[in-house]
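Open the model in your viewer and keep the selection panel at hand. The stops below say what to pick next and what to look for.

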Amino acid sequence: MSINVNNLTKTFHAAGGEVRALDDISFSVKTGEFVSIIGKSGSGKSTLLAQLGALDQPTKGEILVDGQDITKLSGRKQTTYRSKKIGFVFQQYNLIPNLSALENVMLGLEFGGAPASERKDRSFELLEMVGIDADQARRKPGKLSGGQQQRVSIARALGNDPAFLLADEPTGNLDSETGAAIFTLLHDLSRERQTTIIVVTHDLDIAGKTDRTYTLKDGKLLTK
Amino acid sequence: MNVISRGVRGALRSPIRAGAIVIMLAISIGLIIAMLAAKAGVEVRISEVKANAATGITVAPAGIRGFAGGGDPLSAEQVATIKGTEHVASVASTLTDQLGTDDTNLTPSLELGSFGQRQQRFESSSGSGAEMTPPAMTGSAATGDAMRQAPTPRTTVTGTTDPDSVATNGGELTLASGKAIDAGGAENVALIGKTLAEKNDLQPDDTFTMYGQTFTVNGIFSTDNAFQDSGVIVPLTTLQTLTEQAGAVTSATVTVDSSDNVAAVVSSLKDSLGDKADITSEQERAESSVSSLSSISGLATTGVIGATVAAAVIVLLMMTMIVRERRREIGVIKAIGGTNAKVITQFVTEALTLTVIGGIIGIGLGIAVSGSITEGLVQNQQNSAATNRQAGPGGMGGPALIRGAQQGIQNVTGTVSPAVIGGGIGLTLLIAIVGSAVPAWLIARVRPAEVLRSE
Ligand SMILES: Nc1ncnc2c1ncn2[C@@H]1O[C@H](COP(=O)(O)OP(=O)(O)O)[C@@H](O)[C@H]1O
Ligand SMILES: [Mg+2]
């Protein structure tokens, strides 16, 4: 699956006036590519991911996913797009605190429309794939380490075989060793499963190992 | 693991908070049930009182009220006119008289008291001789400074075609012992009030004298009214003959064939009797006498509304708090593909779970306390009614009905019927739905992009 972003602009109306978080951005990502986006805090990285994941509506421009402009979809279709075509990985993991690791993964499968009878087995498989054993799978997120929680969230994101995975600073809350392990996991998955991955990061080390790196500065894309 | 079970689990996520909310809801819902029960009990009583009173009309000679006032009794022709009026099912006629010490060997059982003495002061000033002086007063009378002799109490004799019209509860006259009299006949038989019977040591089958004739005591009756219990009941014709008032009647209680015809009968009686008689339908009077019952019912309604609003506000605040606390969780569910409907269903299920638990405990609580709450409401109402109550002259058929209604208040019990439980469950669901509406709106407004912001 390919992504073509054309002339994407997003402005916010904040108390201090208008903020142009994304300024006329255009780029494309090929199927199976592992892309990193770097930039200082406030440069618009999260805003870009939100537009790509149809979490937000851009002010201008188009995002073509396999030729279809997702910014023109109805609210209901955007929800379906999020559930079936996108996997999200967040800096704060964002697991549901009163559900076990297993149930968090099952929740993603439920929204993606997987049959109820298959959800549990598939969730165990996904968790095993990211290195979470059956015992850890039954724990609540609060009883898992940061690295383990991020592995669970990657399993949840991959559950519905998404066209691409969007990760916003997935290693930002982890120590460098754990962060490296998580990065390796993402890297291997993109190789094995041909999953297109767009990862936002601070870490230039990590960025250097991806297929391509885009840099954002004050909402503008710098091509190098 | 579906959206419903997630909702139920979410509700019990924090047991202390869930417990506190459940207790608050249980108290509100308990109050709702108790108030509904009190209302149902009162309404049952209102319809009873109305049904009893629905077909009664009282006809009294103009100007006569109890033993006060002047005017002529109703004549035999007038009674015949009443009986002949369309839709009149039956007429109970009553003539009352008072027995002086000359007229009977019975000792009155009424103490005059200061009120009674005042009412009889006009007669006693013209009284003659020792018979007017109660034994206890002889000493002070002898000192000579009394301007007039103290009056004696008198015994009331009621001649009636229907002894039940003397009953104070609007129903049948209660006989403590003995048997009834043939009120349609003309024999010298009597029913004696309980207090009078005790004072004179009379039993059924004993005899006494009245108007120079010997009467047989058929039975002893008792009402809850001290005035009535000091009286004598005889057949109407007997009293008419002995007092030389053939056909005369001081009160006629008319029963109409259907409550729908009461107004028509009242107006045709007003036409035919003109200004010779005062006509009052018990329907009108019952309206006013059930007003105290109605106000209990109104109070209970206010209570139901108040408790419902309180419970809805509790659910609303709790849900708003939960939605605000778990804003990120809502955003995450939306971001990973959960629809608005799913998130709202989950959170409304959380509210419903706590409301249903609160409802079950509350219904139990309500059933347990409905008795004492009804009692409390009624007690309160009686106290305020008592201070407003007018002490009208007794002795006539009419006021008995009002007393009946007031006595009715005492016997009101909370009724926890299936309808009350059903109403309680309905209101509980209404509480959950109303209480969840605003939070649902808040949930729908959470933007999924918020989850990417790290603060
Ligand atoms: N919802 C919003 N309302 C107002 N301003 C916003 C909002 N989201 C982001 N911004 C602003 O847009 C700019 C880019 O933010 P963001 O994409 O979060 O940056 P980054 O992820 O690169 O740190 C910042 O100046 C931020 O303050
Ligand atoms: Mg960011």
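Select Thr158(B) and look across to Ile233(B) in strand S10(B), which stands opposite. The two sit in a parallel pairing: strand S5 (residues 155–160) of chain B joins strand S10 (residues 232–235) of chain B over four bridges. Strands pair here if DSSP finds at least two bridges between them. Strands (E, at least two residues) and helices (H or I, at least four) are DSSP runs, numbered from the N terminus.

This is a predicted model, where local features need pLDDT of at least 70 and side-chain atom pairs count only at pLDDT 80 or more, while totals for chains, interfaces and linings use all residues. Residues are numbered from 1 along each chain as its sequence is written, chains are lettered from A and ligands numbered from 1 in the order in which they are written, and side-chain values use heavy atoms, with hydrogens and water left out.

Stay on Ile233(B). Leu191(B) also stands opposite Ile233(B). Here S7(B) and S10(B) run antiparallel, joined by two bridges.

Next, select strand S9 (residues 213–222) of chain B. Seven of its 10 residues are buried, so S9(B) is largely enclosed by the rest of the structure. Buried means under 20% relative accessible area, with a 1.4 Å probe and protein chains only. Which strands pair with S9(B)? Work through three of them.

- Strand S6 (residues 174–178) of chain B runs antiparallel to S9(B), with four bridges. Gly178(B) stands opposite Gly219(B).
- Strand S7 (residues 189–193) of chain B is parallel to S9(B), over five bridges. Pick Ile192(B) and Ile220(B), which stand opposite each other.
- Strand S8 (residues 207–210) of chain B is antiparallel to S9(B), again with four bridges. Thr209(B) stands opposite Thr214(B).

Zoom in on the hairpin of S8(B) and S9(B). Two residues lie between the strands, and Tyr211(B) takes a positive phi near 50°.

Now move to chain A. Colour the open sheet of six strands, in the order S6-S7-S8-S3-S9-S10, with mixed pairing. Strand S6 (86–89) and strand S10 (220–222) of chain A are at the edges, each with a single partner strand, so one side of each is left without a neighbour in the sheet. Neighbouring strands are turned by 20° against each other on average, direction ignored.

Contact means heavy atoms within 4.5 Å. Angles run from 0 to 180 degrees between N-to-C directions, and axes are lines fitted to C-alpha atoms, for helices over the stretch in contact.

H6(A) lies across S6 and S7 of chain A, at about 170° to S6(A).

Select helix H4 (residues 116–129) of chain A. Its buried residues are Arg119(A), Ser123(A), Leu126(A) and Leu127(A). Their cover includes helix H3 (101–112), helix H5 (134–137) and helix H6 (146–158) of chain A. After H4(A) comes Gly131(A), with a positive phi near 90°.

Finish between the chains. H3(A) and helix H1 (residues 3–11) of chain B pack at about 140°, with their axes 12 Å apart. Select Glu103(A), Leu107(A), Glu110(A) and Phe111(A) against Val3(B), Arg6(B) and Arg9(B): these residues make the contact.

Note on methods:
Buried < 20%, exposed > 50% of the residue type's maximum accessible area, 1.4 Å probe, protein only.
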